[in-house]
Amino acid sequence: MTVLVVGAGPTGLALACGLLEGGARVRIVDAAPGPAGTSRALGLQPRGVEVLDRLGALGDLPERGVEVRSVLVHVDRREIARLRVGGVTKLVTRPGVMMSQAEVEGQLRARLAELGAAVEWGHEVTALDHDGWIAGCDGAHSRVRKLAGIPFPGVPLIERFLLADVRADLPLDRTAVSTWVDGDRMFALFPLPGADRWRILAPEPPSAAEAEASDRAAVLLGLLTEHTGFPAGLVTEVGWTSAFRIHRRLAGTYRAGRVLLAGDAAHVHSPFGGQGMNTGLGDAENLAWKLALVATGRADDRLLDTYEAERRPIATEVLGSTSAMTRLMLGRTTAGRLVRDHVLVPLMNRGFVQRRIAEASSQLRVSYRRGPLGSAHPGRRPRAGDRVAGLPWSQMRGRWAVLTADDAAVAAARRHLGPDAVLVLPPIGGSAASLVRPDGHLACRGDAARIDRWLTATLGVPPKVPAVA
Ligand SMILES: Cc1cc2nc3c(=O)[nH]c(=O)nc-3n(C[C@H](O)[C@H](O)[C@H](O)COP(=O)(O)OP(=O)(O)OC[C@H]3O[C@@H](n4cnc5c(N)ncnc54)[C@H](O)[C@@H]3O)c2cc1C
């Protein structure tokens, strides 16, 4: 049965790649006439890097990214905190990559082409009439979500943000994101790849409410001088500008019959913390292997309910943390601003706070152990549902991994999943085999019989190849 992926942003592209790797038939369509050259997201968190690596879509993105080592926070024009980022911790062994969303999408399209597919541009979905599966990856204003009657409750968080990508000779450290907070206002400069390229981002001041597109740059250049003291003349060229509102919304459900939602179609939140694209990539990877198994008849469609059960709580958490960070940085009350400027921002200089922020935003702590396929029982780690660390991700390419020296355990996995869908890796401690899902989380641990029972229960259909007596 064919899967129709609606939307060729990062979520739809990653989903299409994962589905093809899982053996499904896929069409991917997008209403736009062609790929976007401009970029919203600027960062792949370590989890996003891992997802692309598993999909075979990382390419040379890490080499092309900007190396960002710190986030500078100025309060009233004085540098109060230097938050170190991109370092290695026990959890985060590979840093994120600061680079344009457009480049990430380009790399995913290259992988899609390797897998024998291409985006059908200029195809807008206007009605749902399809006898296969439909994956709505069509962004915050998702038509698929509306057509499926899925509610998208939530609230606006901030009136409007303005953004401009510019060329400028700024006397600033290009290995740092520089931010200025001043009362309830803030201003940020992000280095972009290229010797003199920067992104300017700031909330729209009330005096410039609803600035016309042609006035946005002028408003931002005025703010540049106000916050940093740099003359606007240092900006030599203004490229793309945009204005956007920040909402916090979560879809009522991720599945309605044969319709599934992923990425911004399912959740939107503040860009503070750079989590949106990464959460969409995580959705795509989680959904891809399940939908591929269902669409190819190797699993019952009840498996798809575990997608929402595993991923919606992650989105709920991201909505909460990014909203809190936004409120904190914008300091809406006098008390809030005092706490921000004199307690919280200075705390960002502390090593343990920096590690906690780096690990929380990396998304590598994401675990499905409390979900229907997980296990919260105390015992050896990782537990079922936890991310397994340190595997050779680039070898996965949509496959499952069995970490074992036991041929019977491998045979059990292959009977259910197919001969080419299982990668065999050396065991990690103990004699039990570990079955790792294509998204890098532990499925189960045990002998061949245990793997067989887990797959029988999880997939809900008998294996294609019966066991040899
Ligand atoms: C200013 C800004 C900065 C951000 N910074 C970050 C960041 O640093 N890190 C981060 O992780 N995230 C960030 N985000 C969020 C990130 O950009 C989004 O989360 C991400 O683009 C979501 O990807 P998606 O594929 O789900 O949706 P989208 O990228 O919105 O893609 C949806 C696609 O669907 C297509 N489409 C829409 N309707 C239809 C239809 N009816 N038929 C067919 N096709 C359709 C569209 O043309 C589009 O190509 C930022 C967002 C903004 C606004």
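**A walk through the predicted chain**

The chain carries 58 positive and 48 negative side chains, and the centres of the two sets lie 6 Å apart. Here Lys and Arg count as positive, Asp and Glu as negative, while His and the chain ends are not counted. Each charge is placed at NZ of Lys, CZ of Arg, CG of Asp or CD of Glu. This is a predicted model, in which local features need pLDDT of at least 70 and side-chain atom pairs count only at pLDDT 80 or more, whereas totals for chains, interfaces and linings use all residues. Residues are numbered from 1 along each chain as its sequence is written, and side-chain values use heavy atoms, with hydrogens and water left out.

Start with the overall form. The chain has twelve helices and 20 strands. Both are DSSP runs numbered from the N terminus: helices are H or I with at least four residues, strands are E with at least two. The C-alpha trace spans about 80 × 50 × 40 Å along its principal axes. For 469 residues, a compact globule would have a radius of gyration near 23 Å; the chain has 23 Å, so the two agree. That radius is taken over C-alpha atoms, and the globule rule is 2.2 Å times the number of residues to the power 0.38.

Next, the surface and the interior. The chain exposes about 19800 Å², and carbon and sulfur atoms supply 54% of it. Accessible areas come from the Shrake-Rupley method with a 1.4 Å probe; for residues, only the protein chains shown count as cover. Buried residues make up 53% of the 469. Buried means under 20% relative accessible area, exposed means over 50%, and partly exposed lies in between (1.4 Å probe, protein chains only). Contacts also reach along the sequence. Of those with a separation of 6 or more, 72% join residues 24 or more positions apart. A contact means heavy atoms within 4.5 Å.

Now follow the open sheet. Eight strands form it, in the order β5-β4-β10-β11-β12-β9-β13-β16, with mixed pairing. Its edge strands are β5 (78-84) and β16, each pairing on one side only. Two strands pair if DSSP finds at least two bridges between them. Inside the sheet, β9 (residues 154-168) runs antiparallel to β12, and seven bridges join them. V166 stands opposite W198 in β12.

Several loops link these strands. D76 lies in the loop between β4 (70-75) and β5. Its phi is near 50°, a positive value in a residue other than glycine. G194 sits in the loop between β11 (185-191) and β12 (197-203). G194 has 39% relative accessibility, so it counts as partly exposed. Its C-alpha atom is 9.0 Å from that of R167, 27 residues away along the chain.

Leaving aside neighbours within four places in sequence, H269 is in contact with I246, H247, R248, Q275, G276, T279, V318, L319 and T322.

Turn to a helix. L223 belongs to α6 (residues 213-228). With a relative accessible area of 7%, L223 is buried. Not counting residues up to four places away in sequence, L223 touches R185, F187, A202, P203 and P205.

Which residues cover the two faces of β19 (residues 433-436)? A433 and L435 lie on one side, S434 and V436 on the other, and all are buried. Strand β17 (residues 400-403) runs antiparallel to β19, joined by three bridges. A401 stands opposite V436 in β19. β19 also pairs with β20 (residues 442-446), in the antiparallel sense over four bridges. There the bridge partner of L435 is C444 in β20. The hairpin of β19 and β20 has five residues between the strands, and G440 takes a positive phi near 85° in it.

R397 is in the loop between α10 (351-362) and β17. Although R397 is not a glycine, it has a positive phi of about 50°. Its relative accessibility is 34%, so R397 counts as partly exposed.
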